[in-house]
There are 2 protein chains.
Amino acid sequence: MVCIIRRVPRTASAAVRLVLVERAAQLLARRDPVTLRALVDGTGASTMAVYTHFGGMPGLWRAVRQEGLTRLAARLDRVRPTADPVRDLAALGAAYVDNALANPALYRTMYDAVAELDDPRAAAGAFGVLVAAAVRAREQGRFTDSADPEAVATQMWATGHGLTMLVITGVLPREALMAHAPAVLTALFVAAGDDGERCRRSVQVGWSTLG
Amino acid sequence: MVCIIRRVPRTASAAVRLVLVERAAQLLARRDPVTLRALVDGTGASTMAVYTHFGGMPGLWRAVRQEGLTRLAARLDRVRPTADPVRDLAALGAAYVDNALANPALYRTMYDAVAELDDPRAAAGAFGVLVAAAVRAREQGRFTDSADPEAVATQMWATGHGLTMLVITGVLPREALMAHAPAVLTALFVAAGDDGERCRRSVQVGWSTLG
DNA sequence: ACCTGAAGCATAGCGTCGTTATGCTTCAGG
DNA sequence: CCTGAAGCATAACGACGCTATGCTTCAGGT
């Protein structure tokens, strides 16, 4: 029988991977060019490390996108559900934007080729949190029965992504995001069936969790 | 007195600029890497042409972004205003999306650094068309007096950009755009004050101009 | 206890990238 | 006719991603 399990290398291979990905995130945050030689300069490793662990720069970028998605998922997990699912949806939107503004370069990198990820289930998981909140909103009668939770989540995602990108690229100021995001979310939730004034209050409470 | 007006060079300088920018757009559309040497290979010019006319690759990218904006503005100009301003807003959204899907690589390039354009007035002009339609909607009582036309236009832009980017990057299928865009637009216009059913009809008519 | 073979890594080099220095050609203005 | 600046071709430079090569290390079999 062929041994499928790869033997554990003497230096924990996963550790080198983490160091390189984190260094890439550092370079991105510092707006430094993420070059092969700049990556390994700080770690003491040689350029070959990128090829043994990632198979080349495209593989490293894939890992970096995965890291961005992991941070996003962790940030969304910090949003604890409450009795008000519409507030929760707004809070998830605020957390999403908060994460993007905290790591703008990493956020942009994610969407360079988000279609090809190492682990697509991580993306599905993060999106599932949004859908789950929308389902609860429908169960509690805030959204009409004909409202599709996946559609609401998709529209939230798309609008949030659009506003976030325009702010990150410098087209719109940060204040514009704070001004428009709650308004757009309210419009979407009201269209899904929520009562106008009640929705406005829920969104305001949920969005204010951003600080 | 010093002559400020530059003399006309023997080969019309503007022509070379246009050729190079168009070649860049070709390479982008063909998904070929836009390198300095690939640019000049087809034109018979040498690499120096890029430096005499654009001062380097960043300058060329600026010109390419401007070209993308010009095409977008031309596409939006083809939308003739009607008696129904809400229909017009939806038609402008459809034209925007149509242009982006026709030139996806050029569209992405535009937003790589849309904040730094050669001629920001071109962007303001294209955006102004959107604002003007929103103003007409308010004047005709479709939107409430408290609705801010610029806010509606900004929210339309952001949501359209988000949906478009998700489709271009391959996250969402094209059908998703056709399914969600009219719904989001309707939600925004209803939030601005339009009547639900009337808005739905106007958006459907305006969006259907996409074909 | 020795041998074997694969994995991890350092070094050196390749081709291509954007960029620049240099010199030739062309032509308007005096 | 002379002068000087603009446009362009050539060649070269440093930095980039990538790869070929050989050394070191150590688990697993005999």
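Which elements each supply at least two residues of the surface near DNA strand C? In chain A they are α1 (13-29) and α3 (48-54). In chain B they are α2 (36-41), α3 (48-54) and α4 (57-77). This is a predicted model: local features need pLDDT of at least 70, side-chain atom pairs need pLDDT 80 or more, and totals for chains, interfaces and linings use all residues. Residues are numbered from 1 along each chain as its sequence is written, with chains lettered from A and ligands numbered from 1 in the order in which they are written.

**DNA strand C**

**Chain A with chain B**
- The contact takes 27 residues from chain A and 26 residues from chain B (C-beta atoms, placed from the backbone, within 7 Å).
- On the chain B side, α8 (149-168) and α9 (174-191) give two or more residues.
- α8(B) gives the most, with 10 residues.
- That side of chain B divides into 17 nonpolar, nine polar and no charged residues.

**α8(A) on α9(B)**
- α8(A), residues 149-168, packs on α9(B) at about 80 degrees, with the axes 11 Å apart.
- α8(A) is therefore roughly perpendicular to α9(B) (65 to 115 degrees).
- A:Ala151, A:Thr154, A:Gln155, A:Ala158 and A:Thr159 meet B:Ala176, B:His180, B:Ala183 and B:Val184.

Key:
Two residues are in contact if their C-beta atoms, placed from the backbone, lie within 7 Å. Helices (H or I, at least four residues) and strands (E, at least two) are DSSP runs, numbered from the N terminus. Ala, Val, Leu, Ile, Met, Phe, Trp, Tyr, Cys and Pro count as nonpolar, Asp, Glu, Lys and Arg as charged, and the others, Gly among them, as polar. Axes are lines fitted to C-alpha atoms, for helices over the stretch in contact, and angles run from 0 to 180 degrees between N-to-C directions. Angles under 35 degrees count as roughly parallel, over 145 as roughly antiparallel, 65 to 115 as roughly perpendicular and the rest as oblique.
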